[in-house]
Amino acid sequence: MQKTIRVHHLYKTITLGIGLVVLVILCSLIVKQTAMGKEQRKIQEILAYATSNEEEYKENIQESLELVGCKNSGITLTKTVDTDGHFCYYIQIHHKNLSLLNELEKEALFETLDLHSGDMESILQSEECITDVTFFYQII
């Protein structure tokens, strides 16, 4: 009889121990998912903030191109974002008149584009998580 009570007591203790281990694992997973969810939401907010400023950035580039006789230029903007908050923009500009610019005019155009990039970089870096922004231009 006493062996039956001990076995029954041991069974309850083991069951309780397993239950506690499972409960701790579940709680850990829930906390981890909540933290990851917050991080994902923050990343989505940063991307939305950056995207909301990209149209104005493209419009500024378009205005600069119109000043050098390249009205209706095609502007393709591609963005990559690293997990550490580094933004990289690739800007391709398409217009037949760009090939007619001499070196001084191209240099002046790139300086103007760099000014717009600096403005965009300042806007993006006003967000705490955007630490670094790089711009690459290609004239086609």
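What follows is a set of questions and answers on fold, core, pocket and selected residues.

Guide: This is a predicted model, where local features need pLDDT of at least 70, side-chain atom pairs count only at pLDDT 80 or more, and totals for chains, interfaces and linings use all residues. Residues are numbered from 1 along each chain as its sequence is written, and side-chain values use heavy atoms, with hydrogens and water left out.

Visitor: In what order do the elements of the protein run from the N terminus on?

Guide: Helices (H or I, at least four residues) and strands (E, at least two) are DSSP runs, numbered from the N terminus. The protein has 2 helices and 3 strands. From the N terminus on, the order is α-β-β-α-β.

Visitor: What percentage of the contacts between residues at least 6 apart in sequence join residues at least 24 apart?

Guide: Contact means heavy atoms within 4.5 Å. Among contacts between residues at least 6 apart, the share joining residues at least 24 apart is 62%.

Visitor: What share of the 140 residues is buried?

Guide: Buried means under 20% relative accessible area, exposed over 50%, and partly exposed in between (1.4 Å probe, protein chains only). By that cut-off, the buried share of the 140 residues is 24%.

Visitor: Which residues are closest to the centre of the largest pocket?

Guide: On a 1 Å grid over the protein atoms alone, a pocket is an open set of points where a 1.4 Å probe fits, with protein on both sides within 12 Å along at least five of seven lines; lining residues have an atom within 4 Å of a point. Grid points are joined across faces, edges and corners, and a volume is the space filled by probe spheres set on the points. The volume of the largest pocket is about 200 Å³. Of its 12 lining residues, the closest to the centre are I43, V81, D82, T83 and G85.

Visitor: How many residues of that lining are charged?

Guide: Helix α1 (residues 2-67) gives the largest share of the lining, 5 residues. Asp, Glu, Lys and Arg count as charged, Ala, Val, Leu, Ile, Met, Phe, Trp, Tyr, Cys and Pro as nonpolar, and the others, Gly among them, as polar. The lining has 6 nonpolar and 2 polar residues, and the charged number 4.

Visitor: Why does S73 count as buried, and which backbone oxygen lies 2.6 Å from its side chain?

Guide: S73 sits in the loop between α1 and β1 (74-81). S73 counts as buried because its relative accessibility is 8%. A polar atom of its side chain lies 2.6 Å from the backbone oxygen of C70.

Visitor: Is N72 buried or exposed?

Guide: N72 is in the loop between α1 and β1. Phi of N72 is near 60°, a positive value in a residue other than glycine. At 64% relative accessibility, N72 is exposed.

Visitor: Which backbone nitrogen lies 2.9 Å from a polar atom of the H95 side chain?

Guide: H95 is in the loop between β2 and α2. H95 is buried, at 17% relative accessible area. The backbone nitrogen at 2.9 Å belongs to N97.

Definitions and conventions:
A polar contact is a pair of N or O atoms within 3.5 Å; within protein, one must be able to donate a hydrogen and the other to accept it, and residues adjacent in sequence count only if both atoms are side-chain atoms.
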